[in-house]
Every structure is written in structure tokens, then in C-alpha cells.
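Visitor: I have not looked at this one before. Can you walk me through it?

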Amino acid sequence: MNEYFMRVALLQALKSYKLEEVPVGCVITKDNKIISTSYNLRESTNDPLGHAELIAIQKASHVLGSWRLTGCSMYVTLEPCLMCTGAIIDSRIERLYIGATDPKRGAIESVIPIITERLMPHHIDEIEYMDTISGYILSRFFKNLRYKKSLKVDKNL
């Protein structure tokens, strides 16, 4: 079942890829049912809070009628940043499944392992890194972005 939900998150990431957003997708489930999906929309909305995780948390909260997402699992294609990790902890999400590490901004294990901080009032019960194509999608996105930028530079010469 976890693989299915991560595939849905990957499909969400492809939606953001098509919009030239960093391709991150997110799914939140409760009782093995999808209650929320989202993808990055920072560039499209000019909103620094337009992260897939934050949008999914807001949607799930509306569906459940509560800010407490106890009993919920999150599937996200890229390791959450510090802001999103804080929201995941504060919303009481219990299980987190990640498709790729983020060596520049990851706040689960990679850069700022805030999850292991004992001073945090709430903890995620289960964290699992899954073997996905998420890393490939992200590297392809950034490679294409650098290529497009180089074309713009060449035209200005």
C-alpha cells in the first residue's frame, strides 16, 4: 500500500514539474485512504508557503475538521525542509514516507535533523525512506533548468 501512495505523490510531483515548479508531490492518508494530495506551487503563486507538504496539511485539516492529523501518514517525494518538518510535527502526523533525501535543505536527517531533537514536544512515530525515482525526477528538473538559464545567457551575449 505504501508504494501505491508514493506513486500518487510522484504523479503530483510531475504536475509541479509541468508548471516549472520544483517537482515535489505529497499525499496524506488516514486509515489507508487518501484524504489530501498536493504539489509545489511556490513559483506559480509567488507564495513562499506554497510547499507541497504545507498545502497537503491544510487540505487534510479541512477534510478532517481538525488541525490535529493524528493517525495520518504523509508520503512526500523529497525530504521536507525545516518549515515543512515543523508543520508535520505540529500537525501530529504519525508516519512519514520520503522518496528522496535533500542534501541542501532536508530537515529530517540530511542537514538539520530536527526530528531527533529531544526538546520537540511531538514526534513522528515512523520515518521511512523509500526507493523511488524521485531523485531522478529532481535531478532532471534542475538539469533542464540550468540548460534553460544557459540559453538565456547565450542570447544576451
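Guide: The buried residues of α3 pack against β1 (25-30), β2 (33-39), β3 and α4. Helices (H or I, at least four residues) and strands (E, at least two) are DSSP runs, numbered from the N terminus. Buried means under 20% relative accessible area, exposed over 50%, partly exposed in between (1.4 Å probe, protein chains only).

Visitor: Where does the model come from, and how are residues numbered?

Guide: The model is predicted: local features need pLDDT of at least 70, side-chain atom pairs count only at pLDDT 80 or more, and totals for chains, interfaces and linings use all residues. Residues are numbered from 1 along each chain as its sequence is written, and side-chain values use heavy atoms, with hydrogens and water left out.

Visitor: Which residues of α3 are buried?

Guide: A52, E53, L54, I55, A56, I57, A60 and S61 are buried in α3.

Visitor: What comes after α3?

Guide: G65 follows α3, and its phi is positive, near 70°.

Visitor: New topic. Where does UniProt place the "binding site"?

Guide: The unreviewed UniProt entry places that feature at H51, C81 and C84. UniProt positions are given in the numbering used here, feature names are shortened, and annotations may be inferred rather than shown by experiment.

Visitor: How far apart are their C-alpha atoms?

Guide: No two are more than 9.3 Å apart, although the residues span 34 residues in sequence, so they gather at one spot.

Visitor: H51 first. Is it buried or exposed?

Guide: H51 is buried, with a relative accessible area of 6%. H51 sits in the loop between α2 (42-45) and α3 (52-64).

Visitor: What does H51 touch?

Guide: Not counting residues up to four places away in sequence, H51 touches N40, R42, C81, M83, C84 and R105. Contact means heavy atoms within 4.5 Å.

Visitor: And C81, where does that lie?

Guide: C81 is in the loop between β3 (72-76) and α4 (82-90). C81 is buried too, with a relative accessible area of 8%. Leaving aside neighbours within four places in sequence, C81 is in contact with H51, R105 and A107.

Visitor: Now the whole chain. How many helices and strands?

Guide: The protein chain has five helices and five strands. From the N terminus on, the elements run α-β-β-α-α-β-α-β-β-α.

Visitor: How much of the chain is buried?

Guide: Buried residues make up 41% of the 157 residues.
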